[in-house]
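Please keep the viewer open while you read.

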Amino acid sequence: MSKRASIIGVGATKFGNILETPELKDKTFQEIVAEAAFEAMDDAGISPSEIDAFIVGNMLSHTTQIYSHATLLGDWLGLRLKGGFHFDTACSTTNTGLGIAWQMVMSGKYKNVLIVAGEITSSAPKGTFPLEREAIDASTLWEWTDFGVDHVYAYHHFYDVASAYGAFPTIGYMKKNKISSEEMDKVMCAVNKTVRRHSAVNPKAILYEKGTLEEEAKREGFSSVEDYWKSAKNPFFAWPTRLFSALNTADGATAIIVSSEPEKYAKNKPVDITGFHWTVSNFPWYGEDATDFPQDRIAFKEAFKMAGIKPADLDYLYVHDCMQIYQLILPEVAGYIPEGQAWKYALNGDFAFDGKKPLNVSGGRHGGGHAFEASAGFETYEIVKQMRGEAKGRQITPLPKIAAQHNHGYGMHTAVTVLKAAD
Amino acid sequence: MEPIAKKWYDQLAQGVIMATKCKDCGAYTFPPLTVCRECSSRNVEWVKISGKGKLVMFSSSILPAKKFAHLAPIAYGLVKLEEGPCFFTKIEGVKCSTPEEIRKENELLPAEVKAEIQKAEGVNIVVFRKK
């Protein structure tokens with residue numbers, strides 16, 4: 001048995017569109033996954049021969065046309081004849097992978113485990129040749145994505161993700177905290193301003209090149225960001241949730257290497273996995289109080305218990321923000337922000353990297369982009385870089401020592417992992 | 001074990017809306033599953049529901065599911081059934097053509113709603129109508 005499971009290396013491709021983004025263009029799924037994995041290996045200073053096993057995340061087999069992912073990736077990763085398997089908890093996958101890798105190395109069976117995931121959301125092969133791809137529209141992407149939601153009953157009863165996952169929790173938050181719809185619109189604009197402030201300084205983020213929300217408003221000819229927010233450029237996706245409060249789907253890959261012998265790979269400060277917990281719930285995820293997902297309460301509580309921490313010990317928190325309303329709901333559930341106060345923190349800009357309660361500093365699923373099963377790895381990458389002091393332009397100071405990462409996997413798996421910078 | 005979902009949909013085709021009631025904890029599960037959703041007991045019985053409920057909130061998306069896109073705008077809401085469970089489905093009898101309409105209608109909630117069976121793209125489903 002081992003005594004420690006530590007992250008020794010992380011990697012992430014640029015999040016973008018595989019048909020257009022220069023860093024991704026003309027590459028296969030295997031190649032983008034390898035690119036993230038090689039960055040993680042180089043980051044750790046580890047060779048493929050020292051990696052004992054790897055686990056692979058990928059959700060949309062419609063766009064990759066792959067099953068038995070580890071088999072098809074082994075050669076491309078330099079991991080032929082190593083142990084490997086595909087695993088899947090949708091958009092929480094790479095976060096779940098941290099707990100799986102923890103168990104693999106803590107058991108003593110493996111010393112170094114690679115977690116890797118990739119997703120292509122923008123296009124699919126025209127036939128079966130992976131280099132001849134065609135764009136898919138949002139309606140088709142969501143038809144495939146919604147296979148993650150109950151199809152025995154919910155989907156055929158007009159299931160609507162924008163309402164169920166965005167609008168209703170937003171209405172619930174307004175009701176619970178007695179916030180008018182006009183005030184809530186201002187709050188969500190403030191949330192998005194911070195999201196865009198973060199993605200504007202994260203070169204791997206999908207919206208990096210578009211700069212801040214303020215810069216975009218000016219480019220679009222608006223005299224104020226608030227006018228831009230309320231304009232036809234940002235319609236209600238499902239009232240009271242506007243389009244800019246939702247995710248931006250992306251293509252990309254991420255990788256994390258977990259080791260029981262971090263001292264052997266002392267190139268960087270290791271980050272220890274100290275706690276994790278997983279919960280599942282089929283739709284519906286909540287009752288009359290649409291802000292209360294019991295699965296999140298349990299996952300935070302049990303992960304913190306395993307890590308032996310209290311919410312007050314957290315220096316940094318990431319919460320899954322496919323819809324930015326979760327940047328208000330979940331920090332309160334985690335105990336990172338007092339109950340009913342997150343909207344005030346958002347208005348004050350306190351969630352910024354240089355604010356008093358940094359949150360989702362990568363840019364999250366809107367600014368950073370959402371490459372489904374690879375996305376949680378994008379956030380682990382951010383936490384590790386922040387703990388090492390390598391988050392140029394968005395560095396939290398003093399360096400965070402204890403962080404928690406929360407992800408929702410459609411629909412709905414919750415994974416919470418607690419990470420601690422090694423002393 | 002008998003087929004659960006087929007039985008439920010077959011009963012809808014007969015005009016009957018059923019749930020299961022747990023003989024151990026008393027909770028209703030709607031629509032039925034293989035177990036009680038509250039306590040996981042398999043000791044459940046099939047019962048008719050009253051069809052009465054309370055509309056808690058609703059909205060309407062500009063990107064409805066592809067299957068239903070031609071029916072837009074669609075009001076989609078959270079209904080608290082008289083028997084206890086919350087159920088999400090299409091809501092009839094509310095205006096949802098503009099965000100302003102949705103906002104104003106939501107300000108009038110909660111409101112009483114009544115279940116009815118509707119055929120949606122070839123499948124019998126349960127929707128709720130605001131009185």
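Predicted model: local features only at pLDDT ≥ 70, side-chain atom pairs only at ≥ 80, totals over all residues.

Residues are numbered from 1 along each chain as its sequence is written, and chains are lettered from A and ligands numbered from 1 in the order in which they are written.

**Chain B**

Chain B holds two helices and eight strands; helices (H or I, at least four residues) and strands (E, at least two) are DSSP runs, numbered from the N terminus. Read from the N terminus, the order is α-β-β-β-β-β-β-α-β-β. Some overall values for this chain are collected here.

| Property of chain B | Value |
|---|---|
| Span of the C-alpha trace along its principal axes | about 45 × 30 × 25 Å |
| Buried share of the 131 residues | 34% |
| Share of contacts between residues at least 6 apart in sequence that join residues at least 24 apart | 51% |

A residue is buried if 20 or more other C-beta atoms lie within 10 Å of its own. Two residues are in contact if their C-beta atoms, placed from the backbone, lie within 7 Å.

**Where the chains meet**

Between the chains, 31 residues of chain A are in contact with 30 residues of chain B. On the chain A side, α5 (138-145), α6 (161-177) and β7 (236-238) each give two or more residues. The most come from α6(A), with six residues.

The largest nonpolar core has 164 residues, and A:Val116 and A:Val258 touch the most other members. Such a core is a set of buried Ala, Val, Leu, Ile, Met, Phe, Trp, Tyr and Cys residues joined through C-beta atoms within 7 Å. Leaving out residues up to four places away in sequence, A:Val116 touches A:Val33, A:Ala36 and A:Ala37, among others.

What are the length and reach of helix α1 of chain A? The helix (residues 29-44) has 16 residues and reaches 23 Å from its first C-alpha to its last, close to the 22 Å expected at 1.5 Å a residue, where the expected span is 1.5 Å times one less than the number of residues. Of these 16 residues, 12 are buried, including A:Val33, A:Ala36 and A:Ala37. The buried residues of α1(A) pack against β1 (6-12), α2 (61-64), α3 (69-77), β4 (112-119) and β9 (252-259) of chain A. Just after the helix, A:Gly45 has a positive phi of about 75°.
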